[in-house]
Amino acid sequence: MSTSTRREFLQCAALLGAASTLPVSFALGQENETKTVDPLLTVPNGRIVNPKRKPRKIAIPNVGNFQVLKGDFHMHTLFSDGYVMPKDRVHEAVENGLDVIAITDHIEYRPFFGGKSTQLKERNDDHNIAYDIAKPEADKKNLILVRGTEITKSQLPPGHFNAIFLNDVNQVAEAVDDWKKMLAVATDQGAFVFWNHPNFPTPNPAAHRMTFAAEHDEVRRKGYLHGIEVFNGTSYYPVVSDWCNEMDLALVTTSDIHVSEWNMYGSQNPLRPMTLILAENRTAEAVREAFFARRTIGWAAGMILGRPQWVEKLFNACVSIKKENNSLQLTNQSDIPCQIQIGNTVHELKAQSELTLTVDSALKKLSVANWLVGTAKPLEVLVASS
Ligand SMILES: [Zn+2]
Ligand SMILES: [Zn+2]
């Protein structure tokens with residue numbers, strides 16, 4: 001496992017988190033309209049994106065007939081408890097080389113733009129507004145924008161869920177008093193539903209570990225739950241890999257970003273979490289089809305996290321291996337770094353680079369220490385002699 005890169009990633013995130021407490025004024029996403037707000041809430045908004053910097057290009061070869069799209073399906077804006085406007089999420093995503101995002105503002109928690117009544121049903125909030133504002137900008141920038149929301153229950157179980165590929169978030173909000181009904185309404189609209197940050201709001205104190213509760217299993221069996229976050233923000237939940245394998249669920253890796261991208265991860269941070277989607281083409285419908293077929297792979301903090309069949313295919317598409325006698329040559333055509341483990345030794349195969357090793361001529365397999373196909377289970381690759 002990539003402990004060193006993960007440590008660096010967390011250090012970097014902590015450092016940037018400290019920077020976000022500096023009081024600065026921020027603009028409400030409009031060029032000429034700058035409004036100073038409560039310093040405790042202020043972060044630089046998405047205009048920190050450097051217009052002169054070219055968008056990040058992420059090289060990942062196709063996997064068979066599938067394109068590998070890059071996405072983030074958990075993001076907040078000022079229309080719940082995030083600190084940037086919806087359009088800023090579009091600009092940040094483009095800057096980061098993403099193909100597809102979902103803005104998933106909370107239904108139940110909208111401290112900045114919520115209506116006056118504390119009774120959710122009386123507030124007449126429009127829960128589609130972030131999507132509606134961002135969509136024309138996304139179209140202009142050729143970014144796929146998926147309509148989503150976060151269903152936010154304050155106890156665990158059930159905790160929080162994201163529903164993406166919705167048609168109308170307001171219909172889900174109508175059922176706010178009954179979380180199972182909210183999932184049912186979302187699923188009726190054709191949404192893909194995943195369980196967010198499974199250690200939050202509070203972990204199960206008796207078990208001292210995350211628990212896939214009876215409530216989660218009930219909604220899974222009804223067909224209302226299709227995936228789980230294995231990585232959220234800077235948190236990694238190793239056990240989710242096994243849960244997804246055992247229960248045929250998709251792994252999802254998200255930022256759950258509230259502050260600006262710059263505040264959270266800096267500029268074009270290669271360790272930033274994203275979900276890779278093996279899609280037939282670059283359309284929202286193809287992304288949705290891939291989610292339901294469980295063709296998703298997480299990439300965060302230098303780790304690849306996915307179901308074994310797709311991680312193996314992704315590796316074979318990215319890395320070619322040539323072995324002759326006791327010489328092993330690996331070529332990585334992708335931007336995803338690999339930690340090649342032979343015996344107890346780990347060799348770094350960096351993005352778009354080659355590595356030549358002297359090995360035992362009888363070597364039959366190696367493992368990829370930072371590509372995980374189960375809980376603490378690295379990908380194993382067979383090595384054929386040429
Ligand atoms: Zn949440
Ligand atoms: Zn969230």
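Does Thr234 count as buried or exposed, and how many C-beta neighbours does Thr234 have inside 10 Å? Thr234 counts as buried because 20 C-beta neighbours sit inside 10 Å. The cut-offs: buried takes 20 or more other C-beta atoms within 10 Å of a residue's own, exposed 12 or fewer, and partly exposed falls in between, with C-beta atoms placed from the backbone.

## Ground rules

This is a predicted model, where local features need pLDDT of at least 70, side-chain atom pairs count only at pLDDT 80 or more, and totals for chains, interfaces and linings use all residues. Residues are numbered from 1 along each chain as its sequence is written, while chains are lettered from A and ligands numbered from 1 in the order in which they are written.

## Confidence

The protein chain has a mean pLDDT (the predictor's confidence in each residue, from 0 to 100) of 87, with 85% of its residues at 70 or more. Watch residues 1-44, though: pLDDT is below 50 there, yet the stretch still has 60 contacts in the model beyond near neighbours in sequence. Where pLDDT is low, the predicted coordinates should not be read in detail.

## Overall build

The protein chain has 10 helices and 20 strands; these are DSSP runs numbered from the N terminus, with helices (H or I) of at least four residues and strands (E) of at least two. Of its 386 residues, 44% are buried. A contact means C-beta atoms, placed from the backbone, within 7 Å. Among contacts with a separation of 6 or more, 65% link residues 24 or more positions apart.

Leaving aside neighbours within four places in sequence, the contacts of Ile228 include Phe194, Trp195, Pro198, Val240, Trp243 and Leu251.

## Back to Thr234

Thr234 is in the loop between strands E8 (227-232) and E9 (235-236). Tyr265 is 31 residues away along the chain, with 9.7 Å between the two C-alpha atoms.

## A three-strand sheet

E14, E15 and E18 form an open, antiparallel sheet in the order E14-E15-E18. Strands E14 (319-324) and E18 (354-358) are at the edges with a single partner strand each, so one side of each has no neighbour in the sheet.

Five bridges join E15 (residues 327-332) to E18; pairing takes at least two DSSP bridges. Ser327 has Thr358 of E18 as its bridge partner.

Methods:
Contact = placed C-beta atoms within 7 Å.
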